[in-house]
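Student: I have the sequence and the structure up. Let's go through how the parts sit together.
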Amino acid sequence: MYAAIRSATLFGTRGTPITVEAHVGKGLPGFTVVGLPDEGCRESRDRVRAALLSSGFEWPLRRITINLAGGGERKGGAGMDLAIAVGLLVAEGIVPVDAAERCAFIAELGLDGSLRPTAGMAPLVDAVSQFEVVVAASAAAESMLARPSRLRPVTSLLELVEVLVDGTPWPNVAVPSAHVVVDAIADMADVRGQSSARLALEVAASGFHHMLMMGPPGAGKSMLARRLPGLLPRLTEDEAFTCAMVRSAAGMQVSSAIASSPPFRSPHHNISMAAMVGGGSGHIRPGELSLASNGVLFLDEMGEFPPTVLDSLRQPLEEGVVNISRAHSSVTMPARCLLVAATNPCPCGETSPLGCMCAIAIRQRYVRRFSGPLIDRFDIRIKLVKPSTAELTGGTAGESSVVIAERVARVHQLSIQRQGCLNSAIPADLLDEVAPLSRDAMSWLRDRLDEGRLSGRGYHRVRRVARTLADMNGAEIVVNTEWVEAAFGMRVPITPTIERH
Amino acid sequence: MANRYPEWTYSAALAALPLQTPLRLRRLITLDTPSHVWDMLQAGERPLVGINDAVWRAWHGVDASLLVSTAEACIDSSMTVVSMRDAPYPPSLLGDPSAPGVLFMIGDAGAFSNRRVGIIGTRHATQRGKYFAQLLGKQLSAVGVSVVSGLARGIDVESHVGALSLSSEEGSPPIAIVASGLDMVYPPEHERIWGEMGRRGLLISESPPGTAPEPHRFPMRNRILAALSEVLVVVESRATGGSMITVREAMKRDITVLAVPGAPGIAPCEGTNNLLRDGCGPVTDVTDVLVALGLDHRHMTDWCEGRPALQDDERQVMTALGRVPRSMDEISLDASLSVVNVAVILGRLEAKGWVANTHGWWEALVA
């Protein structure tokens, strides 16, 4: 008559255990799902019915009620299909209660009774990993990311029922255990010339400073950005697994070999706000911001992104997490990524030196699309020019990523030891302690403030970048003028100035 | 009919007639005194041939209110109006086949009797070009030459900024020929120097007050600019553009055209380099201009560099930078300095006024 079966549903990037209650009782024949199911969940009814019939079971012609118990939150996804089917079989007395109680069931049912993977297998399995977790055989590799102690991959409902009823051994499916592999990342050695951009990239990686590159097409903005993950330290095993879990939650294919390279996400500029920060109607999914967590989020042609999408990045970038709030629920997802953006300086995209003839008003309109507060988030703002042929063909190859990454790791270590966070995250009130300025440097910055070339917020940001530069060069605790000047030079104003006479 | 108004108001009103063109205006002005011409038009006469009916209808349709409003606008902006018949009209324009019939002026018409050098160039100039224009304007003004230019963005305004950087005692009054009415400041960011020009130099236009800066007026303005110059210096110009129109106008009038050599391959220098190839004299120094004017340059006081002196490492970067726009990477390669060092030194040089940066390209501000 009644059964309670364990399953899980996805909230953002995390799985939550839920109990699927099934009740088969007197009344007009009917099938209702209650407990705040979303549209996909409600479709379960038809899939479960077809799967049971295909597998040769009788469909009870009585009143069936399914309750998705656990919290007042909306539940989504097709991962509860199997739990509903097993619940009905237990309620009908076909499957013994104690056999079903040891397990949690996460799989979508096919109409023929086969088991299928659903989006977010890894976090779902993670939520119930203390039980025997029954999943589709095809989802086994992804499920192993959660490192469950007892994973039971099964191919069909019938096979599962045989195990539960007859006590036959679980089918033997070879499941590779998840492991981190060192994958290849594009190497900085491929970049010829561009020494100032290389430096900026290293500073960005060393201090985790957000970076904006302005330059004409062909200046190598995308090429450089793609190589930034290679400068960051490889992910630790925990970080790599967390990243893979987020990818799984976003419904992406995840294999058991997890890349140790920091993620690199480069969304196209037609992206919606929900796809960027996460959310979506009904079921909340992680966005690009969470997918890029621990890695690099690259916005190519930043000017083409809708301003609302860009501005929605501001707060998550500051806090390292993104909060999606709904009337019924609130979900927190990771958003600790290094933002790298690239934009043309003007619409014409002229590459020859000083060849641009765009009117000042047009140039201003072009960059006015970026809100001031967003631009302020970029500690590093550099202008790139197309390298000369001599630079591209001559000279020696640049340093390789491995060499730079070693230096970056050293700065990371140093800053964590000193202040417990990377340099871009130094709180303003701690700056005087961990990045004190020499007297010259202080007066130099004060002059820039007086000239109006530096804002109050910019003042702190320049000091953080100067700290990183000093760390990179093994300077002692006091930050002297050289680093402050260099940091200031890496913060070019992006709005063209009108020359008034 | 009794003439209640001074003669200049009729000149102004004729210039302000609807469908007026420089040629029609010149024909009207040469016909008779402006007041007589005005009376003829008011009486419905057609004193000229070859002018179509629509124009006559428009001209006959105006009444005395045009006369009054134009005159009031002139008085409000303290403009003086001179026709070809008046004494202050610049003699160098008198013999010109396409001279403007009427000139609107603010400032001291005495500037016409100075030696005059036109300094022109592109609106999208290099920083070095702007620096050179400013320096040239200042040095010419210091030796008593009036700088003639168009007050447009870029080279034009810089030459006037240079000329006006000297006090009235030290420098001679510059002359600006603009395309719009003198009460219509264009481009708007030049409002300050526009006013300054009227107070300390001479601001002239053939357009009556209230005329908008319509695109076709700029090439027409260029012919006056050329005609008023004894020598025309093109500091920087693209292969085609407004400066080239002025150059053609100057050549038609047998006016010496000089060009400032620029780096090859840089768009704002293409036109000037073409001029040099075609046989124009080069200008690398104010002396070249003075020689072309036939002035004695030997007693010129040496130019005093006002910017803070260069340190050793700064000189090293300046040398690597050379005379063409370069990227920081190229400078760092040539100067054999680290990028951080170059960035810091360039920052200092920029603060001292020795270099400037446009869209990531660095330029040395040296003549």
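**Domains, chains and sheets**

Tutor: The centres of domain 1 of chain B and domain 2 of chain B, taken over C-alpha atoms, are separated by 31 Å. This is a predicted model, so local features need pLDDT of at least 70 and side-chain atom pairs count only at pLDDT 80 or more, while totals for chains, interfaces and linings use all residues. Residues are numbered from 1 along each chain as its sequence is written, and chains are lettered from A and ligands numbered from 1 in the order in which they are written.

Student: What are the domains of chain B?

Tutor: Chain B is divided into domain 1 (7–77), domain 2 (108–293) and domain 3 (312–364). The bounds come from an automatic or database domain assignment.

Student: How many residues of domain 1 are in contact with domain 2 in chain B?

Tutor: Eight residues of domain 1 of chain B, in contact with seven residues of domain 2 of chain B. Contact requires C-beta atoms, placed from the backbone, to lie within 7 Å.

Student: Which elements are on the domain 1 side?

Tutor: On that side, α1 (7–15) and α5 (64–76) of chain B are the elements that give two or more residues. α5(B) gives the most, with three residues. Helices (H or I, at least four residues) and strands (E, at least two) are DSSP runs, numbered from the N terminus.

Student: And by class?

Tutor: The domain 1 side that touches domain 2 in chain B has six nonpolar, two polar and no charged residues. Nonpolar covers Ala, Val, Leu, Ile, Met, Phe, Trp, Tyr, Cys and Pro, charged covers Asp, Glu, Lys and Arg, and the others, Gly among them, are polar.

Student: Switching to the chain pair. How many residues of chain B are in contact with chain A?

Tutor: 26 residues of chain B, in contact with 28 residues of chain A. On the chain B side, α8 (155–164), α9 (191–200), α15 (328–335) and α16 give two or more residues. α16(B) gives the most, with five residues. By class, the chain B side has 13 nonpolar, nine polar and four charged residues.

Student: At what angle does α16 of chain B pack with α22 of chain A?

Tutor: α22 (residues 481–489) of chain A and α16 (residues 339–352) of chain B pack at about 80°, with their axes 9 Å apart. That makes α22(A) roughly perpendicular to α16(B). Axes are lines fitted to C-alpha atoms, for helices over the stretch in contact, and angles run from 0 to 180 degrees between N-to-C directions. Under 35 degrees counts as roughly parallel, over 145 as roughly antiparallel, 65 to 115 as roughly perpendicular and the rest as oblique.

Student: Which residues make that contact?

Tutor: From α22(A), A:Glu482, A:Glu485, A:Ala486, A:Phe488 and A:Gly489; from α16(B), B:Val340, B:Ala343, B:Val344 and B:Gly347. The residues of this contact divide into five nonpolar, two polar and two charged.

Student: Back inside chain B. What is the strand order in the open sheet?

Tutor: Nine strands run β1-β2-β6-β5-β4-β3-β7-β8-β9 in chain B, with mixed pairing. β1 (80–83) and β9 (281–282) of chain B are the edge strands, each pairing on one side only. Two strands pair if DSSP finds at least two bridges between them.

Student: How do β4 and β5 of chain B run?

Tutor: β4 (residues 145–149) and β5 (residues 175–177) of chain B run parallel, joined by two bridges. B:Ser149 has B:Ala176 of β5(B) as its bridge partner.

Student: What lies across β7, β8 and β9 of chain B?

Tutor: α12(B) does, running at about 125° to β8(B).

Student: Which residues of α11 in chain B are buried?

Tutor: In α11 (residues 242–252) of chain B, they are B:Gly242, B:Ser243, B:Met244, B:Thr246, B:Val247, B:Glu249 and B:Ala250. They pack against β3 (115–121), α10 (217–228), β7 (231–236), β8 (256–259) and α12 (270–277) of chain B. A residue is buried if 20 or more other C-beta atoms lie within 10 Å of its own, exposed if 12 or fewer, and partly exposed in between, with C-beta atoms placed from the backbone. Just after α11(B), B:Asp254 takes a positive phi of about 60°.

Student: What about the hairpin of β10 and β11 in chain B?

Tutor: β10 (residues 355–358) and β11 (residues 361–364) of chain B run antiparallel, joined by four bridges. B:Val355 stands opposite B:Ala364. Two residues lie between the strands, and B:His359 in the turn has a positive phi of about 50°.

Conventions: Contact = placed C-beta atoms within 7 Å.
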